[in-house]
Amino acid sequence: MKKKIVILSGAGISAESGIKTFRDSGGLWESYDVQEVASIDGWYANPQLVNDFYNERRKQLKEAEPNQAHRIIAELERDFDVTVITQNVDDLHDRAGSSHIIHLHGELCKICNESKSYTVDIGYEPLEYGRLAPDGTLFRPFIVWFGEAVPLLLDAINEVKTADIVIIIGTSLNVYPAASLFEYAPRNSLIYLIDPNEVSVSSSRIEWIKEKATVGMELLKTKLYDLL
Ligand code: OAD
């Protein structure tokens, strides 16, 4: 049986594709107030502002391409059973060819009705403010905002619980519950972290590869194949 790898990715994996992270210097939360543009209260307070913010993200995503880190993760499927659990709302893992992806925080290329029971693929197009879903509610970006439940959390936990290898890549581990997912990894599993900067995590079990995503994934790929 193939060994199971669970990837826990965050904004840093897409940084080399030209997508800004949130909390690095120059990151999105330096220019925007997170509560205004990425919380359910922000949406109710000013939906148009929130809409504009995600329209801009979609436009930038259209210009971006998956990088070597996304591609290596997709290629690992040849020899490993790989599940990607990403906090990213971009579609770069999808475009790189990964086939089992849990988008924990939603997907930029989709919009939904208020209750999120109905989604539409919008691709990289702007969502015209005021557009109504079939149930008469305002269409909104299909994003899990601060203050909202994380519907795919249990699925994600179950994946991590059965991992042989967990790879945390490009996340500052600031946002819960995503940040605690690696703690569900079985005791005898291997846990790697790829990040060029310090990440506030205290676990002696984690092997830190202090590199950017593309370089770190190349290095780790060699290690993973040595395990076979
Ligand atoms: P952050 O911006 O908090 O963290 C990005 C991480 O990527 C940091 O640890 C950086 O050091 C690292 N990094 C930067 N460049 C990198 C590179 N080239 N290769 C590898 N790592 C690099 O982003 P997240 O942890 O993903 O949620 O943020 C989590 C959530 O907070 C997001 O999903 C988003 C945000 O608010 C919502 O908006 C709901």
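**View 1. The interface between domain 1 and domain 2.** About 1100 Å² is buried between domain 1 and domain 2, and carbon and sulfur atoms give 53% of that area. Buried area is the accessible area (1.4 Å probe) that two parts lose on being put together, summed over both. This is a predicted model, in which local features need pLDDT of at least 70 and side-chain atom pairs count only at pLDDT 80 or more, while totals for chains, interfaces and linings use all residues. Residues are numbered from 1 along each chain as its sequence is written, and side-chain values use heavy atoms, with hydrogens and water left out.

**View 2. The two domains of the chain.** Domain 1 covers 1–18 + 65–105 + 150–228, and domain 2 covers 20–63 + 106–143; the bounds come from an automatic or database domain assignment. Their centres, taken over C-alpha atoms, are 25 Å apart. Domain 1 gives 18 residues to the contact and domain 2 gives 14 residues (contact: heavy atoms within 4.5 Å).

**View 3. Polar pairs across the interface.** Between domain 1 and domain 2 there are 5 residue pairs in polar contact, both residues at pLDDT 80 or more. A polar contact is a pair of N or O atoms within 3.5 Å; within protein, one must be able to donate a hydrogen and the other to accept it, and residues adjacent in sequence count only if both atoms are side-chain atoms.

**View 4. Ligand oxygen atoms and the protein.** A ligand oxygen atom lies 2.8 Å from a backbone N or O atom of A11. For F22, a polar backbone atom is 2.8 Å from an oxygen atom of the ligand.
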